[in-house]
Amino acid sequence: MLRHETILLLVLVAEWFYFNAVGRRFGTLDNTFDIMRHSAEIGLLALVMTPIILTGGIDLSVGSLLGLCAILFGKLWRDAGMSLPMAAACTLLIGAGAGGLNATLIAGLRLPALIVTLGTYSLFRGFAEAITHGVDTFTNFPDSFLALGQQHFAGLPTQVWFFLVVAIGVWLLVHRMTFGRSFRAIGFAPEGARFAGLPVERRLVLAYVLAGFVAALAAIIYTARLGQAKADAGTGYELFAITAVVLGGTSIFGGVGSVHGTLLGVAAIAVLNNGLVHARQPREVAGMLTGVLLLVALGASALPKLLAKLRPPRHAPAPLSSPTHPS
């Protein structure tokens, strides 16, 4: 009952009841759908960030890659004359290729993931700015495409179904396949995993290519939701994604974590941001409270370990002495 996910779930429920009490329309079905709609892109990035952090890595470039893919999607459709499905397919391949660039530098050359993705963070955003010259915006998408981000399908916002498919796929990958165990083993001890015969480099390539592919998918959904693609799309999304993963209980040092914990982390951040709007609080408060929420959740999850250390050790009963017989 004191697992990290349980504590975070209680925090999420407390958030919901509080904002429902202070916000007039917070608990309505329309607002619930609005929360789902606005958290889909960050949720997608957080889902694919989970395997990366499990390996002890990090990807700071996913937000910039989202912006670059949004720009390329709009350019392929408007300027190259591609159909929307063809432009979307090319964008997904570009995203996977960008993830492959990170994977080559990290897994192939064994460079630090933090430094590599910090470099590609600037590289991808710089490409987006160069393509648009900082001012060009792609708009006037057809209504059939905008329905992907603004309409409902089978009772839920359309992008939620894409999110659910990715969530189920990543959950199965991490928790029901040998890949999941290898991700944790790499996070605990990369060299030990190599000595154990695990294909460490191939697992890392899979994690980063998957992150690039899903970042491109998030870019398409983002464009459909806003009805436009511009160079600053996805700014800061990588920080929200990392926060959601760590808030969900995944260790930033790797080896420990779960996809369902990440989902709870995404929900906690989404509810907090939306609830503050209904409580008529400044947007700046959201960043501060997100940090507080992260510290509280991490501190609460560490409480059982602290109590276990403070608990006096149990002494084993003394063994019964065998009866002595007089000689």
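Helix H12 (259-278) gives the largest share of the lining of the largest pocket, eight residues. Helices are DSSP runs of H or I, at least four residues long, numbered from the N terminus. The model is predicted: local features need pLDDT of at least 70, side-chain atom pairs count only at pLDDT 80 or more, and totals for chains, interfaces and linings use all residues. Residues are numbered from 1 along each chain as its sequence is written, and side-chain values use heavy atoms, without hydrogens and water.

The pocket is lined by 24 residues. His38, Asn273, Asn274, Val277 and Arg283 lie nearest its centre. Other elements giving two or more residues to the lining include H2 (29-54) and H13 (284-310). The lining divides into 14 nonpolar, seven polar and three charged residues. Here Ala, Val, Leu, Ile, Met, Phe, Trp, Tyr, Cys and Pro count as nonpolar, Asp, Glu, Lys and Arg as charged, and the others, Gly among them, as polar. A pocket is an open set of points on a 1 Å grid over the protein atoms alone, where a 1.4 Å probe fits, with protein on both sides within 12 Å along at least five of seven lines; lining residues have an atom within 4 Å of a point.

The structure holds nine aromatic pairs (ring centres of Phe, Tyr or the six-membered ring of Trp within 6.5 Å; planes under 30 degrees apart are stacked, over 60 edge-to-face, the rest tilted). Phenylalanine 73 and phenylalanine 141 are stacked, at 6.0 Å centre to centre and 15 degrees between the planes. Phenylalanine 73 lies in H3 (residues 62-78) and phenylalanine 141 in the loop between H5 and H6 (143-150), so the pair ties together parts 68 residues apart in sequence.
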